[in-house]
Amino acid sequence: MRRRSETVVALLLFCSAACAVAFVVFYAIEKLGRNTQYMGLALGGSLAFLAAALIVTGDRLVETEQIEEEYPLPDEAAQEQVDELVADTGRRFTRKRLLGTAAGLAGASLGAALITPAASLGPVLDTDPLTRTPWRRGRRLVDTHGTPLRADEVDPKTFYTAYPEGADHDLIGSPVIVARLDPGRLRLPRDRAAWAPEGIVAYSKICTHAACAVSLFRTPRFPPTQPRPAIVCPCHYSTFDPAEAGKVIFGPAGRPLPQLPLMVTAAGELAAGGNFSGPVGPSWSEVRNRRAT
Amino acid sequence: MLRRAVRTLDERTGSAPFLHKALRYVFPDHWSFLLGEVALYAFIVLVATGVYLTLYFEPSLGKTVYHGTYGPLRGMQMSEAYKSVVDISYDVKAGLLIRQTHHWAADVFVAAIVLHLLRIFFTGAFRKPRDLTYLIGLMMLGLSLPEGYAGYSMVDDLLSGMGLAIGYSVALSIPVVGANVGQLIWGAPYPGAHSFESRLYIAHVFIFPILIGTLLAVHLALVASRHHTQFRRRKADGQRRVIGVPAFPGQAPKSLGLMVGTAALLFLLGGLVQINPIWLWGPYETGLSTNGAQPDWYLGWLIGAMRLVPGFDVTIGRYTLVPNPLWGGLLFPTLVFAVIGLWPFAERRLTRDRRVHNVLDRPRDAPWRTALGAGFLTFVLLVFFAGSADRAYVSYNVDYSTQIWIYRALLITAPVAVTWLTRRICLGLQRSDEIDEEREAAEREARQAAQAPA
Ligand code: FES
């Protein structure tokens, strides 16, 4: 019986070795190319055979007995001694209060001093950068490749992502979503009456919930049959109504999508009529008190 | 040979007594005691594969154009970081194997910790004198979440970018100081300064691993110093003496086998089962996102929480006190960890049981703990599953908003129902135990009575 088990273990170990060699071969042979599967199989196999060998060894070949041991008990004498020692040392100080306060003060000040340089990690106190966007009156809307977007190109059946011409596309204030809506159905506040020439609207593409890009139009909240267009965020499905100034109609977002006023240039291209209606992106404490700058 | 080695070592380090003690360390035998070990072994694989990956990964957001092997991305602009991971996947030999193994190991690591935690909780192994060990374990779980998040975020593919955007918003949502905290961590408004990538990187490969490793060492030292707990045995004073197989030779081959077996599983997964194919997601830009994106499983509960919270910011006039992402992204996980972390102390208060416990409870032995634990687990699991409601929408066509309302309703009712039911089951099991005992006692008596005349 024992001999049998020994044979099994030896065989398993041989298999493990063979797989390990196979791994090296797979690695070395150029012709096999990207052979992640073979390599994984070989290396994993080698380890698996080794594991099996170990388990059979433990199960069949190692004689083991049950043993017992006492759970450790707390050593009260030692606790006592430590108490004594500390108390004894403490007793020699006469003005403990004073020294304690002074030490606390030194510790706290030094601690504060040591973490002060961490303030250079970012603009800690200045929150103005959060409101900045590259949009200015007259700045043209361009696509990813920098080609200006023409008003007559905006098809009502889809939506477009546009960026401010000449600015960094990756800034949180850059990307906007552009769509053409039925002008008769637009319900924008009165002061935004001129923001949507020919019914073309633009909103920040950054979700006001948690900064994902709102990249869904109508779906999945609105079956394609439902006539009302909606802008949807794929992260937590906040849904915004582009006809009603970006109002939240479903989901966790707390603010409407900031709207970008549009105008059409003499050449028929879309350009910003100013900055956004409010700060873009997720909320922070001051977000409702600030304007986009 | 061996004897020489032991002698040489002992003469110089005096380690023989310690070694002997270590070899005779007692392991009580139960399969569920091995879950923590699996986490440990996954951690070892993580460190090993992780070191390998750092040799190729480039933590830089500098822009470059891809000219590598993978056709669809050729000519595209991307960050150095993303490009280096595509290169690891396509042009470094065995690179994809190591990368996928690393990713799988992370998922298994957290899963093993969670299962281990459940085992510890439902058997009452967290009680004095092991409450400190428990808290340290919980801290490791808490650290492993941002560790994993930083890991997949620094790749700068589309999914990692979406994850970071959410993380940034959660930072911003901290009351009063959120904007300051967010800018401090990111270095600038989202997507942040270029140095943000280095910060993620050093957090992922140094700060968090060192913290986890240190806590791991303390955790293991504490386990060893207080000894393992054990289940109740007949005819043995389990409270005073621990019974089991010695580390050597009894436990050693089993544990080694488990270690090698865990590694085998991870490499097989890494080789055969694709995970996070970042070349398909493409590089991240602030203006891009994709539908149906899912984070790694261990962050799924946060997505779920953020989806279930109704849409409102708490405002005072024009001052925004609590932006919405705070609830799901920060308060919910904090609450969950707080409940788990404070439980041992709450239980001690409520049961007035301040004794030392070396013998485990079976779940039925502590009906209230088991019931409340099951209820709480139901709550967290429901939130977790809500995180995949959009998948259910796509796969089964159940309206998304309907699902959200169903989940909200279940969150209120199901935990209560589960708590009640679990308690009933525990009491039922206790009762049937009693009946069994009575029957056995009666049988014993009958046998004795039968033998007596003879
Ligand atoms: S980020 Fe858009 S809904 Fe959460």
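Author: Start with Glu70(A), which has a relative accessible area of 36% and is therefore partly exposed. On this scale buried means under 20% relative accessible area, exposed over 50%, and partly exposed in between, with a 1.4 Å probe and protein chains only.

Reader: Before going on, what kind of model is this, and how is it numbered?

Author: This is a predicted model, where local features need pLDDT of at least 70, side-chain atom pairs count only at pLDDT 80 or more, and totals for chains, interfaces and linings use all residues. Residues are numbered from 1 along each chain as its sequence is written, chains are lettered from A and ligands numbered from 1 in the order in which they are written, and side-chain values use heavy atoms, with hydrogens and water left out.

Reader: Fine. Which residue forms a salt bridge with Glu70(A)?

Author: Arg241(B) does, and the closest N and O atoms are 2.4 Å apart. The pair crosses between chains, from strand E1 (residues 67-70) of chain A to strand E4 (residues 241-246) of chain B. A salt bridge here is a side-chain nitrogen of Lys or Arg within 4 Å of a carboxyl oxygen of Asp or Glu. Helices (H or I, at least four residues) and strands (E, at least two) are DSSP runs, numbered from the N terminus.

Reader: And Arg241(B), buried or partly exposed?

Author: Arg241(B) is partly exposed, because its relative accessibility is 26%.

Reader: Which residues are linked with Glu70(A) in a network of salt bridges?

Author: Glu68(A), Asp237(B), Arg240(B) and Arg241(B) are linked with Glu70(A) in that network.

Reader: How many salt bridges over all chains?

Author: The count is 32.

Reader: Where is Asp313(B), and what does its pair join?

Author: Asp313(B) meets Arg288(A) in a salt bridge, at 3.1 Å from N to O. Asp313(B) sits in the loop between helix H12 (300-308) and strand E5 (314-316) of chain B, and Arg288(A) in the segment after strand E12 (270-272) of chain A, so the pair joins two chains. Both residues are buried.

Reader: Which residue meets Arg187(A) in a salt bridge?

Author: Glu244(A), with 3.2 Å from N to O. That pair links distant parts of the chain, 57 residues apart: Arg187(A) is in the loop between E4 and E5 of chain A, and Glu244(A) in the loop between strand E8 (239-241) and strand E9 (247-250) of chain A. Arg187(A) counts as partly exposed because its relative accessibility is 47%.

Reader: Strands now. How many residues of E4(A) are buried?

Author: Five of the five residues in strand E4 (residues 176-180) of chain A are buried. Val176(A), Val178(A) and Arg180(A) are on one side, Ile177(A) and Ala179(A) on the other, and both faces are covered.

Reader: What does E4(A) pair with?

Author: E4(A) pairs with strand E3 (residues 159-164) of chain A in the antiparallel sense, over four bridges. Five bridges join E4(A) to strand E5 (residues 200-204) of chain A, again antiparallel. Two strands pair if DSSP finds at least two bridges between them. Ile177(A) is the bridge partner of Thr161(A), and Tyr203(A) in E5(A) is the bridge partner of Ile177(A).

Reader: Which strand do two bridges join to E3(A)?

Author: Strand E2 (residues 141-142) of chain A, running antiparallel to E3(A). Val142(A) stands opposite Tyr163(A) there.

Reader: What is the strand order in the open sheet of chain A?

Author: The order is E6-E7-E8-E9, four strands with antiparallel pairing. Strand E6 (216-217) and E9 stand at the edges with a single partner strand each, so one side of each is left without a neighbour in the sheet. E6(A) is joined by two bridges to strand E7 (residues 231-232) of chain A, where Val232(A) is the bridge partner of Leu216(A).

Reader: Over to chain B. Is Arg369(B) buried or exposed?

Author: Arg369(B) is buried, because its relative accessible area is 5%. Arg369(B) lies in helix H14 (residues 367-386) of chain B.

Reader: How is chain B divided?

Author: Chain B has domain 1 (30-232 + 243-283 + 299-327) and domain 2 (362-441), with bounds from an automatic or database domain assignment. Their centres, taken over C-alpha atoms, are separated by 28 Å.
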